[in-house]
Amino acid sequence: MVRPEVRGVVTPEAVVLEFETGSVGSRALGQAIDLAVRIGLLYGLALFASLVSLAGGTTSVVVILIVGLFLLIFGYPAVLEARWQGRTVGKRVMGLRVVTIEGAPVTFRHTAIRSMVAIVDFFIPPLGVVATCSVLLTPRSQRLGDVFAGTIVLRERTGAAFPIPVSFPPLPGYEGYARSLDVGGITPEQYGVIRSFLLRVRQLSPAARAHIGTRLANAVALSMQHNPPPGVTVEAFLVSVAAAYQLRLGGPPVPLPPWVPQWGTPRWGPPAGPGPHQWGPSSGPPPGPPPEGPPLPGPPPGGAQQTWRP
C-alpha cells in the first residue's frame, strides 16, 4: 500500500507548514464512495425520466437525461467541493479535503477545473491509470486536475482516537511561576491559539516551530505586560500561561499524555532587537527535531525579571 507523504506549504512569511497528502488508496476509496452516490442519484434520475415519459414528454426525457448526466459527472464534484469546504461525500468519509497549493479554501473555479480534467484523469482507458500515475509521480501527489487547478488533496485525519480534553498542569519547577502569572487579560481566542500551537508542535518543522512559537510568545507576553525571567524558554512560557489560564478557570491538573513533555525546546537566548517581551534565537533555528526526552530548562530564578536591551 502506498503511504501518504508529508509535504509542505510555504506561507507568505516564508514559514513551511507541514501536512499529509491523501494516499492513492484513500483517494480511490473516496472515488468509489462518490461513484456509489452518483449511481444512486442516477437511479433516481431514471425513475423521474420514466415518469415524464409516461406523460408523453419524449423530448423532455432526452433533455432531463442529458442535463442530469452532465450534472452527475461534472457538477457533483465541482459544486460539493466548492460549497462543502473542499469535500465530496467520499472525501468526507475518508477524511480528505481539497485546498489550494497555498493552503487556502478552494473556489468554484478550482473545483470546476478539477471536474473537467477528470475526463482525462479517470475516463481515458485504462480507467483511472492517468490519475494514479500523476499522483505517484508529482511532488505534491496531484492528479492532472490538481495540477491545472493549482490544488492539492490533504488528509485531515487518521485512524487515531477521538480527541480528548487536554489539561496543561505547570511544568516541573515552574509551579510557582505559573501561579504568579496574571492571565486576566488573556482572551479565550488567545488561549485557543496557544492550545492549538502546543498540541501541534510535533507536527511542525523545527524552523516553523521556532518561528511561530516565538511570535506567539512575544504577542502573549506583550498583551500581559510581562517580562519573562531569564532562562524561561518560549514554549515553557506558553505552557505556563496555558496552565495559569486553566487554573484561573478552576481546571483540575489532569496528568498529561506521554507525548506532551516535549516542550522546552528549542532553547532561546536574548533578543536580537530592542524592547521588552522579546525572544530571539541565539544561534538560528534548531538543527533538527526535538529529542525524545523532556529537555526542560532549570526552574526560573526567583524574583528576577528579564530586562533586555538592544
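Contact is taken here to mean heavy atoms within 4.5 Å. The structure is a predicted model, in which local features need pLDDT of at least 70 and side-chain atom pairs count only at pLDDT 80 or more, whereas totals for chains, interfaces and linings use all residues. Residues are numbered from 1 along each chain as its sequence is written, and side-chain values use heavy atoms, with hydrogens and water left out.

The protein contains ten helices and four strands; helices (H or I, at least four residues) and strands (E, at least two) are DSSP runs, numbered from the N terminus. Along the sequence these elements follow the pattern β-β-α-α-α-β-α-α-α-β-α-α-α-α. Of the 310 residues in the protein, 41% are buried, where buried means under 20% relative accessible area, exposed over 50%, and partly exposed in between (1.4 Å probe, protein chains only). Among contacts between residues at least 6 apart in sequence, 72% join residues at least 24 apart.

Helix packing was examined for H8. Two packed helices are described by the angle between their axes and the distance between the axes. The axes are lines fitted to C-alpha atoms, for helices over the stretch in contact, and the angles run from 0 to 180 degrees between N-to-C directions. Helix H8 (residues 188–200) packs on helix H10 (residues 234–248) at an angle of about 130°, the axes being 10 Å apart. H8 and H10 are therefore oblique to each other, given that angles under 35 degrees count as roughly parallel, over 145 as roughly antiparallel, 65 to 115 as roughly perpendicular and the rest as oblique. The crossing of H8 and H10 is left-handed; a crossing is so described if the near helix is turned anticlockwise from the far one by less than a right angle, and is right-handed if clockwise.

The H8 residues involved are Gln 190, Val 193, Ile 194 and Phe 197, which meet Arg 209, Ile 212, Gly 213, Leu 216, Val 220 and Ser 223 of H9.

Salt bridges were then considered. A salt bridge is a side-chain nitrogen of Lys or Arg within 4 Å of a carboxyl oxygen of Asp or Glu, and a search of the whole structure finds six. One of them joins Arg 27 and Asp 146, with the closest N and O atoms 2.9 Å apart. Because Arg 27 lies in helix H1 (residues 24–54) and Asp 146 in helix H6 (residues 144–149), the pair ties together parts that are 119 residues apart in sequence. Both partners are buried, Arg 27 with a relative accessible area of 12% and Asp 146 with 0%.

Glu 81 takes part in a salt bridge with Lys 91, in which the closest N and O atoms are 3.1 Å apart. This pair links Lys 91 in helix H3 (residues 89–94) to Glu 81 in helix H2 (residues 58–83), ten residues apart. Lys 91 is buried at 9% relative accessibility, as is Glu 81 at 2%. The side chain of Glu 81 also meets that of Arg 114 in a salt bridge (3.0 Å, N to O). Arg 114 lies in helix H4 (residues 108–123), 33 residues from Glu 81 in H2, and is buried, with a relative accessible area of 3%. Arg 27, Glu 81, Lys 91, Arg 114 and Asp 146 are linked in a network of salt bridges.

In H1, the buried residues are Ser 26, Arg 27, Gly 30, Asp 34, Arg 38, Leu 45, Ala 49 and Val 52. The 31 residues of H1 should span 45 Å at 1.5 Å a residue, and the end C-alpha atoms are 44 Å apart, which agrees; the expected span is 1.5 Å times one less than the number of residues. Just after H1, Gly 56 takes a positive phi of about 90°.

Thr 100 is located in strand E3 (residues 96–100) and is buried at 4% relative accessibility. Not counting residues up to four places away in sequence, Thr 100 touches Pro 105, Val 106, His 110, Gly 150, Thr 151 and Ile 152.
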